Amino acid sequence: MGTGTYLDMLLSGLVLTLKTAVLAWIIALVFGSLVGVMRTLPSKAAGWFGFCWVEFFRNMPLLVQLFLWFFVLPELLPKAAGLWLKQLPNAPFWTAAIGIGFFMSARVAIQLQAGISSLPRGQKMAATALGLTTMQGYRYILLPMAFRIILPPLTSEFLNTIKNTAVAITIGLIELTGQARSMQEFSFQVFEAFTAATILYLLVNAVVVTAMRFLERWVAIPGYITGK
Amino acid sequence: MFSNFDFGVIIRALPYLFYEGMTFTLLLTGLAALGGLVFGTAIALMRLSGYKILGRIAGVYVDFMRSLPLVLVIFWFYFLVPYIGQWVTGASRPISVGAFASSLITFIMFEAAYFSEIMRAGIQSISRGQPAAANALGLTYAQTMRYVVLPQAFRNMLPVLITQTIVLFQDTSLVYVLSITDFLGAASKVAQRDGRLVEMYLFAAIVYFTISCIASFGVRRLQARIAIIR
């Protein structure tokens, strides 16, 4: 810090924003998919677990969740583990990625659940009739369709993940908004700093939306709801 | 683990947390939801008005607001509102706006974008025959909206509107970045003063969780009731 132009500062902030968002998104997709599938399984216990997961991560503000991960968790762990966690290099980055990832996983789970239950019942039955196990049914029949259906809402959830990284400035992650804030404090150029950050966010938004539109077209199956 | 957990800290802080903090949070949530709904409906009507320019302006506003992080918008308005105030009142210097007014304006403008999308969906869910019938009865555009379309749109969208308000309730915690004493701000101030981060943040989490849970449970019941009526 302290070297380079203000633009370099902002760009390094942008890179950190994207890194955090991508890692958080991977976590959200993995856990969200697992939980979303669990909510559609016939097993009561799995459904109950999924319900609890979603309610737990959905009903607390993201800021509070980040505080729990960052300030509270290390104190509740055994001493050695807590100390290790606190001394982790880049602790704000990992905390933000994990915290935002779990927060978003609840939303991904809801979307996926909706996607799976929007499929006709016959699909699951046909899979069973063909002798596929539940696992295979999900892997080869239900999930490929469900993910295609929920691609548009998943796009906006990914955009939300990028936007939510800004909340991590409260635990000391100097991402794009944080860099704009420090640029404003160094230079007193309030409007220039925030305008630059705003434009960068709009650019990222536009790139993601365009990329996802291509992805949607690329994975579309002709003749289906999501195809042409 | 919980060996030196001190409930006394929480109990001593309760009056401060709820009288100062929760009052601010709930007042901000309520007023911002109301303002956001009013402005959001106006934006939705602009988008559906059929006038190209009006629709364009509203669309750009909504897309713009929805692609920015709330934290950045909070910073924007925190610095911008004094200048807007100067421009509106014609004062010679940027006027000072209180923390509450500043965050209220921020949340109204931000939430208006989200509420407008909900109201737009609500208005579009009304069958075309209804405004046509209202028109045939001789009602003006304003009367059609006031007596026929908006009441139904509002009612159909009530569960979604309340869900959005729950999100807003959680999002108001972000005024923390301006060191404002909302519920979380109050908890964090006590936490830092007494060095009791674990107790205060856990307590804050439980309170937010309980309120949001009860509210979303209410939404689910409401949804079930409305589904029967339709």
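**Where the chains meet**

This is a predicted model, and in it the contact between the two chains draws on 26 residues from chain A and 27 residues from chain B. On the side of chain A that touches chain B, the elements giving two or more residues are α3 (62–76), α9 (176–187) and α10 (190–219) of chain A. Of the elements on that side, α3(A) gives the most, with eight residues. Sorted by class, the side of chain A that touches chain B comprises 17 nonpolar, five polar and four charged residues.

**What the record says about chain B**

An unreviewed UniProt entry carries the annotation "domain: ABC transmembrane type-1" for residues 22–219 of chain B. Over residues 22–219 the model of chain B is 81% helix and 0% strand, and the end C-alpha atoms of that stretch lie 22 Å apart. The unreviewed UniProt entry also lists "transmembrane region" for residues 24–46, 67–89, 95–115, 160–180 and 200–219 of chain B. Among these, residues 24–46 of chain B are 100% helix and 0% strand, with 32 Å between the end C-alpha atoms, while residues 95–115 of chain B are 81% helix and 0% strand, with their end C-alpha atoms 29 Å apart.

Two packed helices are described by the angle between their axes and the distance between the axes.

| Helix pair | Angle between axes | Distance between axes |
|---|---|---|
| α1 (6–40) and α2 (44–58) of chain A | about 135° | 7 Å |
| α1 (7–47) and α2 (52–66) of chain B | about 130° | 7 Å |
| α3 (70–89) and α4 (99–124) of chain B | roughly 130° | within 9 Å |

In chain A, helices α1(A) and α2(A) pack at about 135° and are therefore oblique to each other, and α1(A) passes α2(A) in a left-handed crossing. From α1(A), the residues V35(A), M38(A) and R39(A) meet A46(A), G47(A), F49(A), G50(A), F51(A), W53(A) and V54(A) of α2(A). The residues of this contact of α1(A) with α2(A) are seven nonpolar, two polar and one charged.

In chain B, α1(B) and α2(B) pack at about 130°, which makes α1(B) oblique to α2(B), and their crossing is left-handed. Here I43(B), M46(B) and R47(B) of α1(B) are in contact with L54(B), G55(B), I57(B), A58(B), G59(B), Y61(B) and V62(B) of α2(B). By class, the contact of α1(B) with α2(B) has seven nonpolar residues, two polar residues and one charged residue.

The remaining pair of the table, α3(B) and α4(B), crosses at roughly 130°, and these helices are therefore oblique to each other, with α3(B) passing α4(B) in a right-handed crossing. On the α3(B) side the contact is made by L70(B), V73(B), I74(B), F77(B), Y78(B) and V81(B), and on the α4(B) side by S102(B), I105(B), T106(B) and F110(B). The contact of α3(B) with α4(B) is made up of eight nonpolar and two polar residues, with no charged residues.

Note on methods: Residues are numbered from 1 along each chain as its sequence is written. Chains are lettered from A and ligands numbered from 1 in the order in which they are written. This is a predicted model: local features need pLDDT of at least 70, side-chain atom pairs count only at pLDDT 80 or more; totals for chains, interfaces and linings use all residues. Two residues are in contact if their C-beta atoms, placed from the backbone, lie within 7 Å. Helices (H or I, at least four residues) and strands (E, at least two) are DSSP runs, numbered from the N terminus. Ala, Val, Leu, Ile, Met, Phe, Trp, Tyr, Cys and Pro count as nonpolar, Asp, Glu, Lys and Arg as charged, and the others, Gly among them, as polar. UniProt positions are given in the numbering used here, feature names are shortened, and annotations may be inferred rather than shown by experiment. Axes are lines fitted to C-alpha atoms, for helices over the stretch in contact, and angles run from 0 to 180 degrees between N-to-C directions. Angles under 35 degrees count as roughly parallel, over 145 as roughly antiparallel, 65 to 115 as roughly perpendicular and the rest as oblique. A crossing is left-handed if the near helix is turned anticlockwise from the far one by less than a right angle, and right-handed if clockwise.
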